[in-house]
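Open the structure in your viewer and keep the selection tool at hand. The stops below say what to select and what is there.

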Amino acid sequence: MGSFERSKKKIQLWKKALVHFSLCFVMGFFTGFAPTTTHSTSHFYHPITNFIKPNRIQALEKTPTPNRTLHSSLLPSQSVSEIQTQPLPDPKLESIIEDLADSNPPGLLIIVTTTRPKDRFKEAALTRLAHTLRLVRAPLVWIVVEAHREATSTAEMLRRTGLMYRHLTFKENFTDPNAETHHQRNLALSHVEHHRLTGILHFADLYTVHDLQFFEEIRRIDVFGTWPVARLSASRKRVMIEGPVCRDTKVVGWFTKDTSVGSTKTGSFAGGATVGGPGNGMGQRPHTIDASGFAFNSSILWDPERWGRPTSLPDTSQDSIKFVQEVVLEDGAKLKGVPSDCSQIMLWHLHTPRPTPQQLTQNQRRR
């Protein structure tokens with residue numbers, strides 16, 4: 001019996017040793033998968049980057065200029081010595097941050113462009129204008145109006161511009177090009193009114209050249225704004241300048257000036273009703289104003305009372321552009337000269353002759 005009990009105790013000791021060995025092996029195995037350190041780092045970025053658009057974020061990532069330092073709130077959490085070695089980007093970044101921090105962000109610009117039927121240079125002119133508008137600060141929406149039968153190629157081009165746009169088409173046929181342009185402008189205004197697109201609206205012709213500062217100037221318009229326009233015609237060797245006469249930003253008259261070679265017209269005033277009342281010695285107001293020579297707050301189309309207009313307005317749904325042109329000239333107190341004192345030409349209209357019906361017929365036969 002004694003030998004049996006001794007062998008039994010030996011077996012129990014081996015079992016205990018095996019259990020302890022197994023437990024140690026399992027603990028060591030899983031310990032090998034644990035991280036070797038418990039230190040972790042996290043970066044905090046200033047919340048202002050949430051408001052920066054993708055193209056402006058790229059500007060932040062450009063190589064900064066030397067000898068200047070960034071504020072610590074614009075960098076990830078780092079030591080003070082690391083922050084001092086980070087130079088400040090170029091001055092454009094400072095202006096971007098100031099604009100983003102501004103309590104009054106820029107308002108919406110609504111650019112309306114009409115097109116001509118059978119225009120051989122339409123795609124080139126649209127592309128040129130698109131590249132101009134891409135340089136303008138957002139927000140901006142570009143409304144392009146054209147005949148339905150010619151819309152396919154234009155739609156493809158507009159999708160490649162990267163701009164926010166609306167492409168409006170119509171199926172009506174016109175024999176008078178001026179009547180067709182008038183219809184296109186009314187179609188655009190109806191769209192703006194229907195969708196309540198609130199902003200400063202400007203009619204940008206395909207063959208008009210704009211100074212980029214012009215778009216920043218018209219953002220400051222409250223109700224109505226107008227400016228001098230230079231009209232150039234290479235075929236006629238003619239340059240005409242027409243627009244408002246201003247005292248600061250107040251419009252006090254209107255003029256037309258012919259600067260063509262050999263011309264003797266150097267500053268005649270356009271005919272019409274006198275601005276500010278009769279007998280004030282100021283210039284005279286034209287009977288109408290060209291669509292490319294003014295801009296206005298689009299909300300007047302559906303909320304005229306806000307801008308001091310009577311609530312019992314005639315139905316403008318059929319001829320909104322005529323209504324706006326009349327209101328711009330009638331309400332001289334709210335008409336603002338652009339730029340201040342109207343001494344700078346920021347818009348040039350290039351005259352391109354429209355093809356006659358006979359020329360269109362001949363082109364169709366050649367094809």
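Start by selecting Thr 154, which sits in helix H6 (residues 151-159). Helices here are DSSP runs of H or I with at least four residues, strands are runs of E with at least two, and both are numbered from the N terminus. Thr 154 is buried, at 3% relative accessibility; buried means under 20% relative accessible area, exposed over 50%, and partly exposed in between, with a 1.4 Å probe and protein chains only. Beyond neighbours within four places in sequence, Thr 154 touches Lys 122, Leu 126, Val 144, Glu 146 and His 167, where contact means heavy atoms within 4.5 Å.

A note on the model: it is predicted, so local features need pLDDT of at least 70 and side-chain atom pairs pLDDT 80 or more, while totals for chains, interfaces and linings use all residues. Residues are numbered from 1 along each chain as its sequence is written, and side-chain values use heavy atoms, without hydrogens or water.

Next, select helix H7 (residues 177-195) and helix H9 (residues 320-330), whose axes are 8 Å apart at an angle of about 85°. The axes are lines fitted to C-alpha atoms over the stretch in contact, and angles run from 0 to 180 degrees between N-to-C directions. H7 and H9 are therefore roughly perpendicular, the word for angles of 65 to 115 degrees. His 182, Arg 185, Asn 186 and Leu 189 of H7 meet Ser 320, Ile 321, Lys 322 and Val 324 of H9.

Then select Phe 33, in the loop between helix H1 (2-31) and helix H2 (54-60). Phe 33 is exposed, with a relative accessible area of 64%.

Finally, show everything: the protein has ten helices and twelve strands, and 37% of its 367 residues are buried.

Key: Parallel < 35°, antiparallel > 145°, perpendicular 65-115°, else oblique.
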